[in-house]
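Student: I have a structure open and have not looked at it before. Can you take me through it?

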Amino acid sequence: MKKHRKKKSNKATGRSTPAKDALLMQANFLKAENATFVITNNLLHNLVVRDAAAVQESFDQHYGSLLGETDVLFSEAAFLFFVATRMDTGLHENYKSVLTGLLNNALNTFGASLILLRNGLPGQSMVLIRQVIEICSTIIHIVGDPKGQAIKDFEAGKYGSTASIGQAKKAVPIIGMFWGFLSTTFVHINQSHSEIQPIRPYKPGNADVEAVLSCLRMTVWICYITAELAFPTAQKRNRYWKLRDIDGKNAVAYEPDEAEKEWAAKFLNLEEVGADDLGESELDENAPSSR
């Protein structure tokens with residue numbers, strides 16, 4: 001009488017496991033003329049686990065030290081979010097819920113864009129950067145709408161986020177130019193999307209990485225000033241939006257001092273700061289009627 005050997009089982013699922021983990025490792029053979037190609041069916045796993053480790057290490061080695069000021073400003077924006085979720089900042093409840101949720105998503109998406117860059121995907125990182133700008137623009141539009149129609153449309157699911165760009169650039173003019181650049185160059189499909197972009201460890205002086213880092217600085221700056229605008233009473237002294245009292249309600253005016261303008265110009269690598277980029281805002285002082 002023959003003895004039947006028990007099949008090896010997967011302890012986690014109880015199912016039989018093919019030899020050598022064939023579900024992940026079994027090779028598929030493709031033949032073309034006299035060449036033989038071997039493709040394993042775990043390439044996605046290799047991409048996100050195995051290959052990423054070397055890319056991350058190279059990024060940290062060559063570019064990690066350049067994130068210092070970006071991290072500081074990100075942390076300051078996150079602090080304003082933290083305060084707004086735990087203290088009364090004078091917002092009506094519906095505004096508070098919408099604005100804190102949007103800012104949280106902007107900061108998370110910003111972090112995701114850096115994760116993609118660190119994993120060797122600079123072009124994909126730029127796509128998420130554009131989404132951060134669109135979220136911030138939505139916040140600026142909602143806060144700056146004196147009639148309160150923007151938040152009504154948002155809550156009703158009728159809000160078109162791209163329409164916010166035109167309104168947001170009135171408050172922060174550089175947003176329009178930056179969003180247009182990101183849309184045309186990285187989001188809308190163009191010739192660059194047909195170029196093969198291998199994922200491999202970074203080397204010093206990588207122009208793509210340096211371009212993304214520059215855009216990340218611009219994006220975190222926009223996140224910060226958006227957080228200030230959304231929650232102007234969350235701290236004692238704002239860097240950009242100064243509080244005004246109009247008919248017993250809190251309003252704001254865009255008034256960075258000269259030292260702040262000089263810091264921003266250096267941080268963003270702009271030669272000078274003027275009305276067309278950071279210097280002036282057309283936001284209606286009476287706009288924050290939600291407060």
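Student: What kind of model is it?

Tutor: It is a predicted model.

Student: OK, what pLDDT does the chain average?

Tutor: The average is 83, and 81% of the residues score at least 70.

Student: Next, the layout. How many helices and strands does the chain have?

Tutor: There are 10 helices and four strands. Starting at the N terminus, the order of elements is α-β-β-α-α-α-α-α-α-α-α-β-β-α.

Student: How much of the chain is buried?

Tutor: Of the 291 residues, 39% are buried. As for contacts between residues at least 6 apart in sequence, 67% of them join residues at least 24 apart.

Student: New topic. How many salt bridges are there?

Tutor: The count is eight. Side chains of opposite charge can pair when their charged atoms come close.

Student: What does Asp 51 form a salt bridge with?

Tutor: Asp 51 pairs with Arg 50, and their closest N and O atoms are 2.8 Å apart. Asp 51 is partly exposed at 29% relative accessible area, while Arg 50 is exposed at 53%.

Student: Those two sit side by side in sequence. Which pair links helix 4 and helix 2?

Tutor: That pair is Arg 118 in helix 4 (residues 93-118) and Asp 60 in helix 2 (residues 43-63), 58 residues apart. Their N to O distance is 2.7 Å. Arg 118 has a relative accessibility of 28% and is partly exposed; Asp 60, at 37%, is partly exposed too.

Student: What about Arg 239, what does it pair with?

Tutor: Arg 239 forms a salt bridge with Glu 260, with 2.9 Å between the closest N and O atoms. Arg 239 lies in the loop between helix 9 (207-230) and strand 3 (241-246), and Glu 260 lies in helix 10 (residues 258-267). The two are 21 residues apart.

Student: Are Arg 239 and Glu 260 buried or exposed?

Tutor: Both are buried. They also belong to a network of salt bridges that includes Glu 76.

Student: On to cysteines. How many disulfides are there?

Tutor: A search of the whole structure finds zero.

Student: Now helix packing. How do helix 5 and helix 8 cross?

Tutor: The axes of helix 5 (residues 122-144) and helix 8 (residues 174-187) come within 9 Å and cross at roughly 145 degrees. The crossing is left-handed.

Student: Which residues make that contact?

Tutor: From helix 5 they include Met 126, Ile 129, Ile 133 and Ile 140, and from helix 8 they include Phe 178, Trp 179, Leu 182 and Phe 186.

Student: Where is Thr 138, and what is it in contact with?

Tutor: Thr 138 is in helix 5. It is buried, with 3% relative accessible area. Setting aside neighbours within four places in sequence, Thr 138 is in contact with Leu 102, Phe 154, Tyr 159, Ser 161 and Ser 164.

Student: Last one. What is the phi of Asn 269?

Tutor: Asn 269 has a positive phi of about 60 degrees, although it is not a glycine. Most residues other than glycine have a negative phi.

Student: And where is Asn 269, and is it buried or exposed?

Tutor: Asn 269 is in the segment after helix 10, and at 61% relative accessibility it counts as exposed.

Key. Residues numbered from 1 in each chain as written. Predicted model: local features only at pLDDT ≥ 70, side-chain atom pairs only at ≥ 80, totals over all residues. Heavy atoms only, no water. pLDDT = per-residue confidence, 0-100. Salt bridge = Lys/Arg side-chain N within 4 Å of Asp/Glu carboxyl O. Buried < 20%, exposed > 50% of the residue type's maximum accessible area, 1.4 Å probe, protein only. Disulfide = S-S within 2.5 Å. Axes fitted to C-alpha atoms, helices over the stretch in contact; angles between N-to-C directions. Left-handed = near helix turned anticlockwise from the far one by under 90°. Contact = heavy atoms within 4.5 Å.
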